[in-house]
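Visitor: I'd like to learn how to read charged side chains in a protein model. Can you walk me through it?

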Amino acid sequence: MFTKRSIALLLGFIALSPVVYAHDGAPLFHAFRLELDAGENRDNESISNWNLDGWVGGDDNKLWLKSEGAVAGHNTQTSENWAMYSRNVATFWDAQAGVRYDNRPESTSYFVAGVTGLAPYHFETEAHFFASEDGDVSFRLREENDFLLTQKIILQPYLEFNVFAQDVKDLDMGSGLSDASAGLQLRYEITRKFAPYIEVSYESLFGETADIADAKGEHTSDSTITAGIRFMF
């Protein structure tokens, strides 16, 4: 999942983190979420995913870390590792800047800038721009919300899409809206820190990206069903 380069990147940010969260000797806090799941796609191929998201710091300044990716069969399809400085700029909103390193599908580094926070009607929002080491620019938006069916059963719909400012041949991405995914996660919180879940998701390619995949004889959409565990720490 991790390469020496990505580990060095994250350790470098952690080494600099005292600069990020030093603030009048105030205590440090942290909040991390780890999700691990496995299942099958529509081709009956085994898949697994990981998603780590969280921060360490104070109310105003945080070191924010993310790692996410997917494995199909025995091959890692995607792998992203983020490290960002996060600064509270408004009630429920942080501005963020940092770096992202992907070692799948291609080894690429990015500068990241964006915001994360709580939009009206309790939509948790992440919006980030990326500039790669090759000068390629892209944008990602993710929205999710929690609906309490009971005090322990939570339904979480989510939507995520990516937009590219130009064609990126190495990634088989065309300019414009490249892909989008939508899903529903149903989890049972045994405790706030431990919750098994099932998740149904649908992904689709669009525009030039879909044309590239179609020309290669690849699927332009896919659906998956997975079961997993969520940890909070």
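Predicted model: local features only at pLDDT ≥ 70, side-chain atom pairs only at ≥ 80, totals over all residues.

Visitor: Which parts does the pair Glu-144 and Arg-33 tie together?

Guide: Their side chains meet at 3.5 Å, N to O. Glu-144 sits in strand E8 and Arg-33 in strand E1, so the bridge ties together parts 111 residues apart in sequence.

Visitor: Is Glu-144 buried or exposed?

Guide: The cut-off for buried is under 20% relative accessible area. Glu-144 has 5%, so call it buried. Arg-33, at 14%, is buried too.

Visitor: What about Lys-62 and Asp-94?

Guide: That's a salt bridge as well, with the closest N and O atoms 3.5 Å apart. Lys-62 is in strand E3 and Asp-94 in strand E5, so this pair links parts 32 residues apart in sequence. Lys-62 is buried at 9%, and Asp-94 is buried at 7%.

Visitor: Which other salt bridge does Glu-144 make, with Arg-142?

Guide: Those two side chains meet at 3.1 Å, N to O, and both residues are buried. Shared partners join salt bridges into one network, whose members include Arg-33, Arg-142, Glu-144 and Glu-160.

Visitor: And where do negative charges gather on the surface?

Guide: Look at the patch formed by Asp-167, Glu-208, Asp-211 and Asp-214. Glu-208 lies in helix H2, residues 207–215, and is partly exposed at 36% relative accessible area.

Definitions and conventions:
Residues numbered from 1 in each chain as written. Heavy atoms only, no water. Patch = residues over 30% accessible without salt bridge, like charges linked within 9 Å, V, L, I, M, F, W, Y side chains within 5 Å. Areas by Shrake-Rupley, 256 points an atom, 1.4 Å probe, with all protein chains shown as cover. Salt bridge = Lys/Arg side-chain N within 4 Å of Asp/Glu carboxyl O. Lys, Arg positive; Asp, Glu negative; His and termini not counted. Charge placed at Lys NZ, Arg CZ, Asp CG, Glu CD. Helix = DSSP H or I, 4+ residues; strand = E, 2+ residues; numbered from the N terminus. Buried < 20%, exposed > 50% of the residue type's maximum accessible area, 1.4 Å probe, protein only.
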